[in-house]
Every structure is written in structure tokens, then in C-alpha cells.
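The exercises below are meant to be worked with the sequence and the coordinates side by side. Try each task before reading its solution.

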Amino acid sequence: MYPTPLLVATLTAVLLSACATPAHHVPAAPSHRTVQGTVVSFYFAGTPAQELPPCLAMRSPAERAEHRYVRISYPSLRQTQSTVAEWPDAVQLVLNQPVDVWPENCAAGRLGRLARVLPLQQ
């Protein structure tokens with residue numbers, strides 16, 4: 001006994017539809033975009049340990065001495081968030097400097113990254 005043409009057509013349609021992307025499918029947005037923030041404080045090698053955020057306090061004093069760090073605040077929904085990022089030597093920053101940053105969770109030990117420095121607004 002051979003399968004009927006209707007059965008073959010139905011099975012083919014089912015198999016092909018499993019591979020197809022729906023027309024309304026929109027690719028997911030990148031899970032980690034830059035946000036615009038403002039420089040609110042600096043951390044240097046001489047910053048007292050009790051003033052360090054968790055992501056810096058867990059680093060060794062030698063590692064903290066090799067780098068400079070900056071706290072950046074940014075708006076997020078209805079509240080202001082902050083992230084800590086390494087401040088590269090070649091980059092000039094001042095307080096209230098607008099920047100783009102990839103934020104990370106400092107309490108979890110992760111540092112954000114500076115994407116670019118924006119011009120000061122006057």
C-alpha cells in the first residue's frame with residue numbers, strides 16, 4: 001500500500017514549516033548595548049579600600065595600582081544605575097563628562113567598558 005498524495009503533501013508541508021522562519025520574526029536586539037552616562041567619580045591606586053566598590057575591592061592591590069577606574073552613572077527606566085569601568089591612560093576624562101559605556105554589574109565583580117567619550121555640553 002502506497003501513501004496517498006494528500007498524506008505526502010501534508011507531511012511535506014509540516015516538515016517544511018518546521019524549518020521556515022515566521023514572517024513576523026524579528027531578530028533579537030543585541031543583549032548588551034552601550035548606554036550614555038556621566039562620569040561621577042574616579043578610583044586611583046591610593047583610594048582607601050573602604051571607598052572601593054565590590055568589583056575593585058576583590059582585585060589585588062597590585063592590580064588596582066596598574067589601572068585607573070571611573071564610576072559612571074546612567075539612567076535606567078525609573079532610576080539611576082552606575083557601573084565601574086577601567087579608565088585607559090590615553091583617555092582624558094573630567095567629572096560630569098558624558099560617555100558611552102557597556103555597563104556591567106559591579107556587585108558581581110564585573111567591570112563595564114568605556115565605548116567612547118562624548119564632548120562636554122556647555
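**Exercise 1. Determine the order in which the strands of the sheet lie, and decide which of them stand at the edges.**

Step 1. In this predicted model, 5 strands form an open sheet in the order β3-β2-β1-β4-β5, and their pairing is antiparallel.

Step 2. β3 and β5, the latter covering residues 113–117, each have a single partner strand and stand at the edges, so one side of each is left without a neighbour in the sheet.

Step 3. From one strand to the next, the twist averages 45°.

**Exercise 2. Work through the strand pairs and find how many bridges join β1 to β2, β2 to β3, and β4 to β5.**

Step 1. β1 and β2 run antiparallel and are joined by 5 bridges; within this pair, Val-39 has Ile-72 in β2 as its bridge partner.

Step 2. Between β2 and β3, which also run antiparallel, there are 8 bridges, and here Ser-73 stands opposite Ser-82 in β3.

Step 3. β4 and β5 pair in the antiparallel sense over 4 bridges, with Val-117 in β5 as the bridge partner of Val-99.

**Exercise 3. Find which residues have a positive phi although they are not glycines, and state where they lie.**

Step 1. As background, most residues other than glycine have a negative phi.

Step 2. Leu-77 has its place in the loop between β2 and β3, in a hairpin with 2 residues between the strands, and at 90% relative accessibility Leu-77 counts as exposed.

Step 3. Asn-96 likewise has a positive phi, of about 65°, without being a glycine. Asn-96 lies in the loop between β3 and β4 and is exposed, with a relative accessible area of 56%.

**Exercise 4. Classify the ring pair of Phe-42 and Trp-87, and say which parts of the chain the pair ties together.**

Step 1. A search of the whole structure finds 3 aromatic pairs. In the pair of Phe-42 and Trp-87, the ring centres are 4.7 Å apart and the planes stand at 35°, so the pair is tilted.

Step 2. Phe-42 lies in strand β1 (residues 35–43), whereas Trp-87 lies in the loop between β3 (79–86) and β4 (98–102), so the pair ties together parts that are 45 residues apart in sequence.

Step 3. Phe-42, at 21% relative accessibility, counts as partly exposed, while Trp-87, at 7%, counts as buried.

Step 4. Phe-42, Phe-44 and Trp-87 form one aromatic cluster. Arg-68 lies over the face of Trp-87, at 3.8 Å from the ring centre, and Arg-113 lies over the face of Trp-102, at 4.4 Å from the ring centre.

**Exercise 5. Identify the cysteines that form a disulfide, and determine where in the chain each is placed.**

Step 1. The count comes to 1 disulfide, formed by Cys-55 and Cys-106, whose sulfur atoms are 2.0 Å apart.

Step 2. This pair links distant parts of the chain, since Cys-55 is in helix α2 (residues 54–57) and Cys-106 in the loop between β4 and β5, 51 residues apart.

Step 3. The link of Cys-55 and Cys-106 is left-handed, with -90° about the S-S bond.

Step 4. Cys-55 has a relative accessibility of 0% and counts as buried, and Cys-106, at 9% relative accessibility, counts as buried as well.

Definitions and conventions:
Residues are numbered from 1 along each chain as its sequence is written. This is a predicted model: local features need pLDDT of at least 70, side-chain atom pairs count only at pLDDT 80 or more; totals for chains, interfaces and linings use all residues. Side-chain values use heavy atoms; hydrogens and water are left out. Rings of Phe, Tyr and Trp (its six-membered ring) pair if their centres lie within 6.5 Å; planes under 30 degrees apart count as stacked, over 60 as edge-to-face and the rest as tilted. Buried means under 20% relative accessible area, exposed over 50%, partly exposed in between (1.4 Å probe, protein chains only). A charge sits over a ring if NZ of Lys or CZ of Arg is within 6 Å of the ring centre and within 35 degrees of the ring normal. Two strands pair if DSSP finds at least two bridges between them. Axes are lines fitted to C-alpha atoms, for helices over the stretch in contact, and angles run from 0 to 180 degrees between N-to-C directions. A disulfide is a pair of cysteine sulfur atoms within 2.5 Å.
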